[in-house]
Amino acid sequence: MKIVGKSVRKVDGIALATGQPVFTLDAVPPGAAVGKILRSPYAHAEIVRIDTSRAEELPGVLCILHHGNVPRIPYTTAGQGWPEPSPYDSFLFDRKVRFVGDRVAAVAAISEEIADEALRLIEVEYRELPAVLDPAEATAPGAPVIHDEEDARGIHDPEHNVAAAIDIRVGDIVRGFAESDVVVETTCVFPYVQHVPLEPHCVVAYLDEEDRLVIRSATQVPFHVRRIVARALGLPLSRIRVIKPRIGGGFGTKQEIVLEDVAAALALRVRKPVVMKYTRAEEFVAARTRHPMKVRVVLGAKKDGKIHAIEMDVLSNTGAYGTHSLTVLSNVGSKTLPLYNKAPHLWFHGKAVYTNLPVAGAYRGYGATQGYFALEVAVDELAEKLGMDPLELRLKNHIRAGETSPIFEKIGEGRAGKAQVVRSCALEECIREGARRIGWEEKRGKRIREGNWIHGVGMALSMQGSGITDIDMAAATVVMNEDGTFRLLVGATDLGTGSDTILAQIAAEALGVPVEAISVYSSDTDFTPFDTGAYASSTTYVSGGAVLRAAREVRRQILEVAAAILEEPPEELDLEGGHVVSRKSGKRVPLSEVGHRAMYVTDQRHIIATASFVAPESPPPFAAFFAEVAVDTETGVVRGGKFVAAADCGTPINPALAEGQLEGAIVQGIGHTLYEELRFSPRGRVRNPNLFDYRIPTAADVPDVEVVLIPSDEPTGPYGAKSIGEIGINGPAPAIANAIHDAIGVRLYRIPFTPERVLRAIRAKSSA
Amino acid sequence: MSVRRYHYARDVEEALSLLEAYEGRGAILAGGMDLSRGMAPEIEGLIDITTAGLSGISWANGDLRIGATTTLEEVRLSDEVRGYLGGFLAEVMAHVATLPLRCMATLGGAVVSAHPWADVPTALVALGAEARWRTGEKTEKAPIEELYRRPFRAIFRRSVLTEIRLPRWEGAFAFEKVSRNAGDIALINCACGLGLDDTGKIAWARVVVGATPYRAERLAAVEALLAGETPAEGLWEEAARKAEAEARVGDDMRAPAEWRRAVVPVIVRRALERAANAVMGDER
């Protein structure tokens with residue numbers, strides 16, 4: 001392959017590096033009004049009265065929306081496929097507020113200052129209701145009911161605040177544990193963490209000259225935005241156009257409709273462009289977070305280390321609304337349990353419950369991250385109890401190519417899944433290569449001391465998926481220009497991942513041209529074909545599959561035209577270096593001649609093709625993670641020394657970008673492992689909604705991160721590719737937890753591993 | 001924000017007269033660090049003193065003098081500061097915030113803001129630094145340690161801090177800090193200094209802990225315990241235990257009192273050991 005497998009320069013790299021106006025807020029129409037949201041000061045309250053008269057009298061205020069003057073239509077803000085697996089428990093504005101920061105009203109004004117002043121002038125009378133902040137208390141008898149509205153749909157058990165629940169059994173778990181020689185039980189706790197994209201949520205909404213609503217938004221899911229806004233506002237889909245410019249990071253939080261619905265409603269009301277953007281504080285409080293979880297894992301194994309039974313019990317906190325509640329919960333098991341597919345007895349069960357806290361949603365890793373934290377700490381404990389090297393234990397149990405797991409069939413996306421055989425898996429090589437690079441043999445169990453620091457090493461495995469089987473669909477259009485260059489139109493959304501580049505590489509490879517011959521455009525619901533969007537590690541596999549199909553169809557059309565020129569059968573022709581070349585005669589014709597002839601000369605046609613690809617299955621990428629940490633036993637400070645990740649993403653289409661995805665995910669994972677946690681007041685207010693108090697890793701905190709890609713060939717993927725976007729975030733928490741144990745013999749089950757928690761655990765152990 | 005005017009003060013006199021004219025609705029701006037984090041709503045005028053000739057570092061009459069608007073990064077890179085106490089203060093600066101912020105933040109700003117979690121006050125209190133400021137026609141001065149016992153925020157609403165003076169010390173200092181990650185404020189910090197007499201006994205000791213979460217405080221009892229003793233491993237441990245008993249610690253969102261109580265002796269011991277090693281290294 002000439003283009004695939006090469007680290008070509010990002011197609012949007014120069015524009016980004018030179019500060020071209022490529023982002024949503026770089027193009028605000030002149031005269032745009034500013035939209036702002038009034039937020040609830042209470043965790044749970046009924047809005048008794050809302051008086052906007054004083055605010056409306058303020059010069060420059062254009063309109064104020066609240067529950068009293070907008071249609072009441074239940075919907076979900078989760079940008080997912082159809083049928084939507086998340087409950088319809090949200091309204092544009094509601095009579096009730098369910099967390100501190102919930103929407104109460106929205107203002108459009110001619111300036112930000114006036115909009116802010118108008119928010120202050122809105123008088124709201126609340127009747128405060130008892131709130132529930134602890135997910136364990138949310139389901140207790142007598143707990144306040146958070147979603148008591150009658151028109152919500154799809155909530156599992158609203159009376160007990162259960163948004164979603166799951167119960168999956170394979171074999172006989174009781175027998176499984178009874179037959180096990182060793183049983184370990186581990187419970188790990190994952191707190192509230194936020195994505196912290198560089199660019200907060202932002203949107204511009206306006207009416208075009210034909211009175212259609214245009215929404216320019218930093219979104220991962222432009223087509224879902226169109227569908228959901230149509231539903232929320234009761235508009236025909238055909239009246240909405242969504243444009244996705246460059247995105248300054250998403251990580252899942254932009255798989256949510258948190259501003260587009262309000263901006264659209266305001267723009268329709270004032271008939272002027274409306275611009276809205278979240279502040280950093282709003283991003284923390286009122287965008288989305290990862291689902292905080294308590295995950296209990298019980299492992300049963302035979303003396304020889306064969307894992308025989310796995311129970312996984314999940315309590316997920318979805319916050320005030322149930323977006324992604326069922327699917328994130330499902331993924332805790334569906335993305336983890338197949339890794340140890342030899343166990344015949346499985347029980348995966350759990351609940352996602354409502355609380356009066358910020359709303360959890362999609363976040364890179366999507367439940368798998370929380371699941372792997374508990375599972376991989378439990379596997380480490382199992383190894384300890386068995387007296388085995390945790391690496392050997394994992395090698396003995398992990399899934400291989402040609403194997404399957406009943407979980408694939410049992411758990412799908414909010415419904416049953418589909419049986420699937422793993423066709424490509426280089427996990428064993430990943431484990432061995434990662435171990436070699438970290439120095440597993442030399443360092444494990446040695447507790448090397450260096451001043452106040454004690455070193456330890458730990459490991460964890462992970463798999464993820466590549467798109468959602470039978471749901472994720474992408475289409476791509478490849479258009480040939482008469483000069484022999486191409487346009488690639490995709491609905492896929494490059495959120496900084498580099499997907500535009502790798503999609504161009506896939507097309508270029510199929511068309512025998514350099515990447516520079518392909519102009520990529522993504523995405524605009526009016527002009528690019530459908531794509532479910534950038535989530536679930538789908539773009540390389542699903543959108544890439546569509547691009548490959550469309551490019552191959554264009555290739556067929558090119559060869560047909562060239563065959564007429566060269567007077568040879570198309571089967572004898574190849575595309576190479578911008579030419580059509582005959583394998584038989586060596587005769588060649590440039591693509592520019594083919595394009596020109598097709599467009600202007602003979603048998604005229606536009607060489608163009610659109611193709612779709614539906615994920616036929618979801619081939620998992622695999623990774624082995626190794627952490628070396630140093631612990632200061634007197635202060636509890638944990639310092640990352642080295643982090644190695646060896647990953648199998650099939651064929652890396654662009655190795656530098658794949659490595660970048662892995663490195664970025666690892667650093668983000670180190671963030672939640674060591675520093676990040678949203679803290680709440682007793683009344684449910686976020687106490688640290690800023691980067692001064694909520695710490696994320698800086699460049700200076702990043703340890704020596706070494707990533708290595710071990711290729712495999714995924715037969716269902718474009719040029720053998722699988723995903724790489726999410727998997728890296730699953731490793732740091734368990735690998736670092738296990739490394740801390742290796743260093744100081746203390747197990748930690750709650751992230752982040754702050755000095756206070758580490759020191760407390762050390763002291764508890766030494767006094768025990 | 002209600003700011004209407006931005007003034008570049010040509011000198012301290014102009015800054016003072018503007019401050020007076022605003023009658024409480026003016027604010028002095030140097031690095032702008034704290035103003036950018038939030039400003040009192042009544043502020044109408046900002047008075048930029050970075051143009052008032054208050055930057056610079058020099059030795060005079062046995063003191064190291066640092067102008068109030070000298071940035072923390074200028075302090076860190078200064079040859080004079082690097083030569084002062086083996087570069088102790090330069091090392092402290094390397095712990096403060098991040099490079100871009102250190103290029104804006106000023107030493108005077110750090111003294112006036114005096115955030116309890118900050119590193120600069122801890123170091124300056126340990127060093128016995130003196131602050132000089134102008135109120136109207138008068139130049140006033142006080143040791144920073146003493147200044148912090150006064151209503152210093154009220155003083156600096158009508159005064160301009162002009163200079164920090166650092167005395168010469170025969171001995172060595174060391175700084176310790178625990179924070180959540182790089183560039184973060186301290187969960188706790190500590191600065192200790194020691195000097196030896198001709199017989200090798202401790203002539204003087206300075207022991208300061210800060211971010212407890214309270215502002216830097218000298219632990220006089222620990223200093224007294226050390227004075228006159230001969231440096232030895234057990235002595236640092238003894239001093240550390242005394243510090244654990246003496247230090248005032250509390251809870252905040254970042255860390256609980258229990259953890260701070262446990263870590264005070266650790267960082268005091270480490271700082272004393274490092275200071276002692278430096279002193280004895282000099283002797284050798």
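Trainee: How many residue pairs are in polar contact between chain B and chain A?

Mentor: The model is a predicted one, and this count takes in pairs in which both residues have pLDDT 80 or more. Helix H13 of chain B, residues 257–283, gives the largest share of the side that touches chain A, with seven residues. By class, that side of chain B has 12 nonpolar, two polar and seven charged residues. Between chain B and chain A, the residue pairs in polar contact number 12.

Trainee: Which residue of chain A forms a salt bridge with Arg254(B)?

Mentor: Chain B and chain A are joined by six salt bridges. In the one formed by Arg254(B), the closest N and O atoms are 2.9 Å apart. The partner of Arg254(B) is Asp693(A).

Trainee: Which residues of chain B lose the most area to chain A?

Mentor: The contact involves 21 residues of chain B and 22 residues of chain A. Together the two chains bury about 1800 Å², 53% of it on carbon and sulfur atoms. Three residues account together for 34% of what the side of chain B buries, namely Asn181(B), Met253(B) and Arg270(B).

Trainee: Why is strand E13 of chain A described as largely enclosed by the rest of the structure?

Mentor: Strand E13(A) covers residues 293–301. A residue is taken as buried when its relative accessible area is under 20%. The strand is largely enclosed because, of its nine residues, the number buried is seven.

Trainee: Which residue of E14(A) is the bridge partner of Val295(A)?

Mentor: E13(A) and strand E14(A), residues 307–319, run antiparallel and are joined by nine bridges. Their hairpin has five residues between the strands, and Gly305(A) takes a positive phi near 95° there. In E14(A), the partner of Val295(A) is Val314(A).

Trainee: What is the bridge partner of Val182(A) in E13(A)?

Mentor: Strand E8 of chain A, residues 182–190, also pairs with E13(A). This pairing is antiparallel and extends over nine bridges. In E13(A), the partner of Val182(A) is Ala301(A).

Trainee: Which residue caps the N-terminal end of H11(A)?

Mentor: Helix H11(A), residues 390–397, is mostly covered, with six of its eight residues buried. Among the buried residues are Pro390(A), Leu391(A) and Arg394(A). At the N-terminal end, a side-chain oxygen of the capping residue lies 2.8 Å from the backbone nitrogen of Leu391(A). That capping residue is Asp389(A).

Conventions:
Residues numbered from 1 in each chain as written. Chains lettered and ligands numbered in written order. Predicted model: local features only at pLDDT ≥ 70, side-chain atom pairs only at ≥ 80, totals over all residues. Heavy atoms only, no water. Contact = heavy atoms within 4.5 Å. Buried area = accessible area lost by both parts, 1.4 Å probe. Salt bridge = Lys/Arg side-chain N within 4 Å of Asp/Glu carboxyl O. Polar contact = N/O pair within 3.5 Å; in protein donor to acceptor, adjacent residues only side chain to side chain. Helix = DSSP H or I, 4+ residues; strand = E, 2+ residues; numbered from the N terminus. Nonpolar A, V, L, I, M, F, W, Y, C, P; charged D, E, K, R; others polar. Buried < 20%, exposed > 50% of the residue type's maximum accessible area, 1.4 Å probe, protein only. Pairing = 2+ DSSP bridges.
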